[in-house]
Amino acid sequence: MTTPAAEHRSEPMLVVRNLVKRFGDKVAVDGVSFEVYPGESFGLLGPNGAGKSTTLAMIAGLLRPDAGEIEVGGLPLATRRREAQRLLGVVPQDVALYPELTAAQNMGYFAALRGLRGAEARRQIEEALALVGLTDHAGQRVERFSGGMKRRLNIAVGLLGRPRLLLLDEPTVGIDPQSRRHILEATRQLAATGVAVLYTSHYMEEVEFLCRRVAIMDHGRIIAQGPMDQVRALAGDAAVLRLPWDGVLRDEDPAALGRQLGVPVETTGGEVRFILPRGPEQAVELLGELVRRGVPVRGMRLETPDLETVFLALTGRALRD
Ligand SMILES: Nc1ncnc2c1ncn2[C@@H]1O[C@H](COP(=O)(O)OP(=O)(O)OP(=O)(O)O)[C@@H](O)[C@H]1O
């Protein structure tokens, strides 16, 4: 499934074609193709180890592909890497900051590395800190920052040089809700100003919030790609039953319960999600089973397909176990 280029008025900012990367016998990226257009956040979704970071590292020019092509702003990465990299902002999973320096000093250092000087550097630093909500913390040393604030600063660093293509590698893993909101909102604003954003995540709700187009990766391959509604439709009848976690399954291990009941389960943010391949009617059986086991059901929500259920429908596995 592909999006007709005609839908987009501009040329793609990123073209990835038949990308392959091997590590020894392991094929980490296996024939991946997609495009990202100016002004859109394109979601690259997949479980840990799917090959998302490896794909991003190749686009960033940090890893050489074994096969395939990458073009950034029409420039082939293989032959015009330096020019292409000037259009790119990369925000890696690991935070790379100097803890003993303030946020502003870190930004100043990375701005200089990017070749920015004087008033232009100051303007860009100010803008980037404002976008991620760190203006009031500019003078604070990074060692006193929370994990979420460090991630936001890491993103601000990635924005120096005003990239036309921003690569965000799972920017919200393990951070507080406030920082997460800042990051999602900043990403949205950037896309609104015309930046092409490639957003990788294994949180489908983030991708559903940010992205109109998405690719789902598993074992190095793209197993579904296209506009969100079309990809969602691949879930067929599957549904998700969400139950509050606190107090409900106190004495039960939800993963073990899921295995016994034969349905994939994941636990996130105080609730358990049971994924029901056969759709809503399976919820009746499942609830009956929970009641038989004496599990007090104090609330529930039954939802129609999201990207989680798509992944299950296509692979038979939950995105996050
Ligand atoms: N330098 C490397 N050497 C050997 N194997 C690697 C290397 N980098 C990645 N891999 C393997 O390639 C596969 C894809 O890894 P990758 O980090 O791209 O996945 P991912 O989807 O980004 O997952 P995560 O969210 O865990 O980073 C994994 O099986 C990983 O173990």
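A cavity here is a set of points, on a 1 Å grid over the protein atoms alone, where a 1.4 Å probe fits but cannot get out, and lining residues have an atom within 4 Å of a point. The volume of this largest cavity is about 40 Å³, and a search of the whole structure turns up 1 cavity of 30 Å³ or more. A volume is the space filled by probe spheres set on the grid points, which are joined across faces, edges and corners.

Helix α5 (residues 147–158) provides the largest share of the cavity lining, 3 residues. Helices (H or I, at least four residues) and strands (E, at least two) are DSSP runs, numbered from the N terminus. By class, the cavity lining splits into 4 nonpolar, 1 polar and 2 charged residues. Ala, Val, Leu, Ile, Met, Phe, Trp, Tyr, Cys and Pro count as nonpolar, Asp, Glu, Lys and Arg as charged, and the others, Gly among them, as polar.

## Notes on the model

Residues are numbered from 1 along each chain as its sequence is written. Because this is a predicted model, local features need pLDDT of at least 70 and side-chain atom pairs count only at pLDDT 80 or more, while totals for chains, interfaces and linings use all residues; side-chain values use heavy atoms, with hydrogens and water left out.

## The largest pocket

Now for the open spaces. A pocket is an open set of grid points with protein on both sides within 12 Å along at least five of seven lines. The largest pocket has a volume of about 570 Å³. Its lining consists of 16 residues, and Gln85, Leu88, Gly89, Val90 and Arg114 lie nearest its centre.

Several elements share in this lining: α2 (81–86), β6 (88–91), α3 (103–113) and α5 each supply at least two residues. The pocket lining holds 9 nonpolar, 4 polar and 3 charged residues.

## Around the ligand

The ligand is surrounded by 13 residues, with Gly49, Gly51, Ser53, Thr54 and Glu170 the closest; a residue is near the ligand if one of its heavy atoms lies within 4 Å of it. In this shell, 4 residues are nonpolar, 6 polar and 3 charged. Both β2 (26–36) and α1 (52–59) supply at least two shell residues each, and α1 gives the most, with 3.

A polar backbone atom of Ser53 is 2.6 Å from an oxygen atom of the ligand. On the side-chain part, a polar atom of Glu170 lies 2.8 Å from a ligand oxygen, and one of Lys26 lies 3.2 Å from a ligand oxygen. Of the 620 Å² of accessible area that the ligand has on its own, the protein covers 62%; such areas come from the Shrake-Rupley method with a 1.4 Å probe.

## The four-stranded sheet

The order β2-β1-β4-β5 describes an open sheet of 4 strands with antiparallel pairing. Its edge strands are β2 and β5 (75–76), each pairing on one side only. Two strands pair if DSSP finds at least two bridges between them. In general, strands of a sheet pair through backbone hydrogen bonds, either parallel or antiparallel.

Let us walk across the sheet. β1 and β2 are antiparallel and share 8 bridges, and Leu19 has Val32 in β2 as its bridge partner. These two strands form a hairpin with 2 residues between them, where Gly24 in the turn has a positive phi of about 60°. Strand β1 (residues 14–23) is also joined to strand β4 (residues 67–72) by 5 bridges, again running antiparallel. Here Val16 has Ile70 as its bridge partner, and Arg17 stands opposite Glu69.

β4 and β5 pair in the antiparallel sense over 2 bridges, with Val72 opposite Leu75. This pair forms a hairpin with 2 residues between the strands, and Gly73 in the turn has a positive phi of about 55°.

Technical notes: Polar contact = N/O pair within 3.5 Å; in protein donor to acceptor, adjacent residues only side chain to side chain.
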